[in-house]
Amino acid sequence: MLTWINEKAKWVIVIFAAGIVVGLLAMDRVPKTNQSYPVAIVNDHKVSYGEFDTRIKRIVQNQYQGQHLEDEQYAQLRSEVFRSFVRQVMMEGLYEDADLRASVAELKSEFKRNPDVIRSRLVQEAQNRLYAIQQQATSQEDLMQRSQAYIASLPKFLVDTTFNKAEFDAWLETPQAFQWGVMLQYEEDLKNATIPSRQLQVLVGASVHPTSLESKWNVDRRMTDYDMDVAYVNASDFAVEESAVDSAMVKGYFNAHQDSFFVEKDEVLFDYVKLPVAATDADDERIREYAMTLYYQLSDTSSTANFEDMARISSEDPGSAENGGMLAQEAGHGAFVEEFEKASLALDSGAISEPVKTRFGYHIIKSYGKSTDSTGAVSVKVGHILLVVNASSETVDSLENVLSGIKTDMAAGKTFAEAAQARNLTVERSEWVGHGDNIAALGYLKGLASFAWPNENLSEDVGDVSPVLKNNQWVVVAAKAKELKAGERDVSVYYDSIKKNLLKKKNAAAAAAYLTSMADKVKAWAPAADSTADSTAAAAPAEIEKVKVESKSASVEGFIPGFGYANPNVAKVLQNQKEGEWGPVVETESGAVMVKVKSKKAADQAALETAIKDDKDNAARFTSMTAFSQYVGDIEKATPVVNNLDLFYKD
């Protein structure tokens, strides 16, 4: 029976895989809802499941081309496609409200400016048409005649080896240009999205007017170089104890700045219990026995099994399976683990090994011949069939049964902690998790979001504890310890970050106090003269009892020790500082700094004027794009959206 299965493995796997796909799709879909609700409602516009699913399939077909996508990748793709529909509906509403539409002149200009885009689309459609002709042809002669006739009908610029722009422009003016499906689609894209979006950006950017005075101020800052001495201390040398910031201080800071700490999206704090998904000795033995079955079949001279075909079908090494198991590197040079190398070198040319176990699983190795280099080192060209030792469904089921017992105990009145303790399991607490995010320690868990944020249209009660959730590493049950809605404020969400910032401020204050105490010694410092030193090399900083002092030449947007690169505090420090004098001690994120300006040098007038013009032009473009992005982002946040994805997919 096993021999028959292996010989027919290709078709068995195809049929089995098809069954799995159908089963997974059925499991993924929440029943009896996909005909009742839209996937989304955006500004009262309903997005149907059909529209949504068609876009998903098109993206998978065009971008992933048959690649296997994990559950997390599908969830991320659905989230991105959902947002694309939201933005599409929202933008179409903005275009309509502003009465924005593409003119014929704009469309023609866009077509003429993008010949490469159009040609690539035309080529794709032509290839599809030729493929259809091939499928419909009744004979080789019929195929040749119909293919040649079709190619002869194509526009000349599409088949010539050298592209002729004039012929392309002339073709755009003919009715034949818009008999192509891709041209009609491209025209729709331009009319409904590209050109109206550009028009809207012009409208939004019309209020942006950068002035020459602003550009002059920017350029002066950027092109004025300061020669300075800089004394600095690192906050890390003056770190205070964690206990220097207590909960009262954190809460006080939070209460004083509550508007900075509202929750932007729904968040949940989870208590959870996890069990690792690990293969057992029984799983290992099961894979070893299967590997031996493949080996016996490959060794059987009466079998039709072929190593290369078997590798393509059975090997779980994606890098070599499609090449019939052949590995790009030779064994013998230390490229592979010791067990693999030793077994490979022991094989004669054409021989196949019994299963060899490494940390990657079981390998069946085939030798394609040895070679010896000039040093006498022997290597061997090999292929392999890899069978990975994973936890079996029985092993995973046993783990699920353990965690299912927690749900049973809770239904009988126990708390989550009590049910876990009864099984000697540890309850852990997650960080705050937002909708669409993962518990960091666990990764993506299909079904967690549906449990934490159930759709109001679902009639079933989700309960106090999640279903048993799993991925490749963990089997998990979770309970909601606390939840917050978007717009609410809670110190616990930001406690750690507030404490960290307060500690940094205390570290900087301690550094500043120390530098202040050393100010007189710093002011008495003078750089050592070294006539033999290479003037192009940067001198090492001098050190005065933990204070580093060095000379530096930079603009306010350059790198200055103690401040870092383009630190906005530098301009404030240098603005009113007299040349030749040390300024006051300044706290920074990394510690504390004192600066003495020795001289400053402005750029020459011609370079300054050119830079001012460039800065003004760049500012107009950048500020316009920034304003448009901000405008669209704000509209998107304010757009009422109903998300019904969890009625269709158990993410």
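**Tour: a pocket, a sheet and a helix pair**

The lining of the second largest pocket has 16 nonpolar, 12 polar and 13 charged residues (Ala, Val, Leu, Ile, Met, Phe, Trp, Tyr, Cys and Pro count as nonpolar, Asp, Glu, Lys and Arg as charged, the others, Gly among them, as polar). The model is predicted: local features need pLDDT of at least 70 and side-chain atom pairs pLDDT 80 or more, while totals for chains, interfaces and linings use all residues. Residues are numbered from 1 along each chain as its sequence is written, and side-chain values use heavy atoms, without hydrogens and water.

Select Ser 79, Phe 82, His 435, Gly 436 and Asn 643: of the 41 lining residues, these are the closest to the pocket centre. Then select α4 (71-97), which gives the largest share of the lining, 8 residues. Helices (H or I, at least four residues) and strands (E, at least two) are DSSP runs, numbered from the N terminus.

Next, show the open sheet of 4 strands, β8-β4-β10-β9, with antiparallel pairing; two strands pair if DSSP finds at least two bridges between them. Its edge strands are β8 (428-434) and β9 (469-470).

Finally, select α12 (residues 247-256) and α20 (residues 491-517), whose axes come within 9 Å and cross at roughly 105°. Axes are lines fitted to C-alpha atoms, for helices over the stretch in contact, and angles run from 0 to 180 degrees between N-to-C directions. The two helices, α12 and α20, are therefore roughly perpendicular (65 to 115 degrees). Residues in this contact (heavy atoms within 4.5 Å) include Tyr 253 and Phe 254 of α12 and Tyr 495 and Leu 502 of α20.

Terms used:
Angles under 35 degrees count as roughly parallel, over 145 as roughly antiparallel, 65 to 115 as roughly perpendicular and the rest as oblique. On a 1 Å grid over the protein atoms alone, a cavity is a set of points where a 1.4 Å probe fits but cannot get out, and a pocket is an open set with protein on both sides within 12 Å along at least five of seven lines; lining residues have an atom within 4 Å of a point.
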